[in-house]
Amino acid sequence: MSSTTRKPRALLALAAALTAVALPLTPAPAAAAATGTAYYVDCAATADGSGSQTAPFNTLADVDALTLQPGDSVLFDRGTTCLGSFTPHGSGTAAAPILVDAYGVGALPAIDANGAAQAVLLGGESYVQVRDLSLSAPGDNTTARRGVYVYAADAGTLPGIVLQDLDIHDVRGALPSKTTTGNGTGKYANASGGIVVEAQGSTTPTAFAGLQILDNRIHAVDREGIYTWSNWCQSSRLAAFWNTLCTAAWTPYTDLVVRGNLLWDIGGDGIAPMTGQNTLVDHNTLRGFHERSGSPNAGMWTANSVDATFQYNDTSGGHSTSDGMAYDVDHSTDGVVFQDNLSHDNQGGFFLLCPYNTPTSDFVIRDNISVNDSARGFQVCDGALKNGQIYGNTLYLADGVSQQIVTEATSATLDVKFTDNAVVRHGSTGTVGWTLSDPAWVNDHNLFYDVPVPSGATNSVTGAPLFNGRELADPYGFQLAAGSAALSAGVQVSGNGGLDYFGNPVPATGAVDIGAYQGGAVCAPPVAENFNTDPAGAAPTGWTGSGAAASALVGADPAAGEYGNSLLLAGQTTDSTITRSFASSSSDIRIDARLWAGQTTSPLGLHVLDTNGNPVAQFSLAADGNAAYTDNGTWTDSAFAYPSGIWLPVSLVLHPASGTYDIYVDNTELATARLTTGSGPAAQVRLRVQASSLAPAFAADDILVQPLSC
């Protein structure tokens, strides 16, 4: 089992480099410097040129015909679209990789596969970096389609592939729901999806080394979001049903990094790396998966892998109970760690453990938070679990949510220690229970609040956990208030990683807190608003509105399948605002909200005001499609282009003593800016929709105001 060293979450946003000890530190690579020939492509050019900037190629065939050399670059003109499949040839070196990127100004250059199987194909290349392209591959969901296909057969070890800052969308590959070819359609060999990496062959062991998939946006794709496959997957751990798929000896991908990607509207699995060693899946966001597959899929998972680490990911919106869990430790694995992940509003549940006929071994599931995941907390498929540890997790169920906390579907031995977990329910409706009879599964030092205590459990705590913002789909709502029964009620677990979900140190000796938080009692939040108790069609209690009466009303969450209500904000012909006051604070304070925009052409503001209504700090989903914020009262546009139709977590962390505040969007630090000079202490939070004739639609939810000292 791999041990891990973790940094606080705040440092992750700055460094984006949390990593297991077994993994090398892998910062995002800088774009390759052009040391060779630069070839320019402008598919809107009327005449085909020589590939220079003044006479660019105007077809993909021109550049596909080249044999690129180390240090060469292929640059596509922004604001243009090429039709067909881009298939570059040639490899770079570690010192001089080949670069595929954009030039000019405007929208990302687009490649539309236009009936081809993929927009970009890397076939047996090494040290190639592909960046800053918009890729699509339309289809009818009956044949393979991919945004990027990285493929090699009988090619040996291929290092140095980087896929970064791509916008991959409208990839309509094969789905079981659209064919008669079974559940494997669209995955395994010849898979379909946004990014698919595949190693094949029979004579020369083939694998990718150090491949990095970074900071991409992947949406409206079928079947897989990000997927790796290899037929070089025979091993002593292998589950029998993969025997026909694994036709060559174990040759894993090594040191794969999948980091900083934003995925939404995924037909099947979100992120699923297979047959890897020392894989890191880190700081990714997945909103909506298993949308169209018609067969089992999960959010983020691995099979047939050794020493894989999934951490600081956020998964929600699984739309099926055919699996449909956020995370999965699947078959033929050893040493898999899931830590510091968030899961919420998944119809299939929180976790799947699926060993089949060989044990899933030496796995750790720790310091994760699950909020309103339905059906199953942990489901165990047929087969044995060996030396599994599940500890320090928080599972929360609101009124009306039903879940079997642990469900076993096997008579095999489940060697699992379930320790220091908080399982909490609030409400009078919904069914919660256990389907667990194996005595090898040991429940010890857990908090069970308003849920059944499983038979044989020892040292259980049943008092109130006193979460500071329960029901919020915000991890900071699950820190512990004074008097919590979870404080100092847990037990030490050896090799616990040293830090909790929030980056607080886990005590080295003595009692620990139960659940994902170890920081001691926090201040009571003056605002922890989820709008779930407010009547639909009315303004929320405690808020003051201005402008049209219908501009801010409670209603159903616009993201289908998520729990409860939201505050719906509609654009009117006059400005409209809605404000919530709280006791003014001159200490550090955190303001969290989730924001949803139905378009990217009208602004929604999240403002922090003083008691007199003067702006202290302001954030906006701006009318130009980017996130913006104020620096000492002056608006500053960021490079973050926000997507429409999905929830984005936004945090403003104010530091009055230094006169600054930190802005986080989608769990990543966007900027540090100055508070507005002359403003008083924070005392109000305001949402503002500017006057518009476009009838824009917005929503806000899970608003938390958290003083950081009291």
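Colleague: How exposed is D323, as a relative accessible area?

Modeller: This is a predicted model, in which local features need pLDDT of at least 70 and side-chain atom pairs count only at pLDDT 80 or more, while totals for chains, interfaces and linings use all residues. Residues are numbered from 1 along each chain as its sequence is written, and side-chain values use heavy atoms, with hydrogens and water left out. Buried means under 20% relative accessible area, exposed over 50%, and partly exposed in between (1.4 Å probe, protein chains only). D323 counts as partly exposed, because its relative accessible area is 23%.

Colleague: Where is D323 placed?

Modeller: D323 is not a glycine, yet its phi is positive, near 60°. Helices (H or I, at least four residues) and strands (E, at least two) are DSSP runs, numbered from the N terminus. D323 is placed in the loop between strand 29 (314-318) and strand 30 (325-329).

Colleague: Is D340 buried or exposed?

Modeller: D340 also has a positive phi, about 60°, although it is not a glycine. Its place is the loop between strand 31 (337-339) and strand 32 (342-344). Since its relative accessible area is 0%, D340 is buried.

Colleague: Which residue does a cis peptide bond join to D222?

Modeller: The omega angle of this cis bond is about 0°.

Colleague: Which side chains make polar contacts with the side chain of R594?

Modeller: R594 is found in strand 51 (residues 589-597), and it counts as buried because its relative accessibility is 6%. A polar contact is a pair of N or O atoms within 3.5 Å; within protein, one must be able to donate a hydrogen and the other to accept it, and residues adjacent in sequence count only if both atoms are side-chain atoms. Contact in general means heavy atoms within 4.5 Å, and the residues that R594 touches, not counting those up to four places away in sequence, include H344, W647 and P649. The polar partners of the R594 side chain are, at 3.1 Å, the side chain of E562 and, at 2.7 Å, that of D702.

Colleague: How many disulfides does the structure hold?

Modeller: A disulfide is a pair of cysteine sulfur atoms within 2.5 Å. With the bonded cysteines of the protein chain numbered in sequence order, the pairing is 1-2, 3-4, 5-6, 7-8. The number of disulfides is four.

Colleague: How many residues apart in sequence are the parts tied together by C233 and C246?

Modeller: The S to S distance of this disulfide is 2.0 Å, and the link is left-handed, with -110° about the S-S bond. C233 and C246 both lie in the loop between strand 19 and strand 20 (253-254), so the parts that they tie together have a sequence separation of 13 residues.

Colleague: Are C354 and C381 buried or exposed?

Modeller: The sulfur atoms of C354 and C381 are 2.0 Å apart in a disulfide. The torsion about this S-S bond is -90°, and the link is left-handed. Both cysteines are buried.

Colleague: What is the relative accessibility of C710?

Modeller: C710 forms a disulfide with C523, the sulfur atoms being 2.3 Å apart. C523 lies in the loop between strand 45 (447-449) and strand 46 (527-529) and C710 in the segment after strand 60 (697-707), so the pair ties together parts 187 residues apart in sequence. C523 counts as buried because its relative accessibility is 7%. C710 counts as exposed, because its relative accessibility is 86%.
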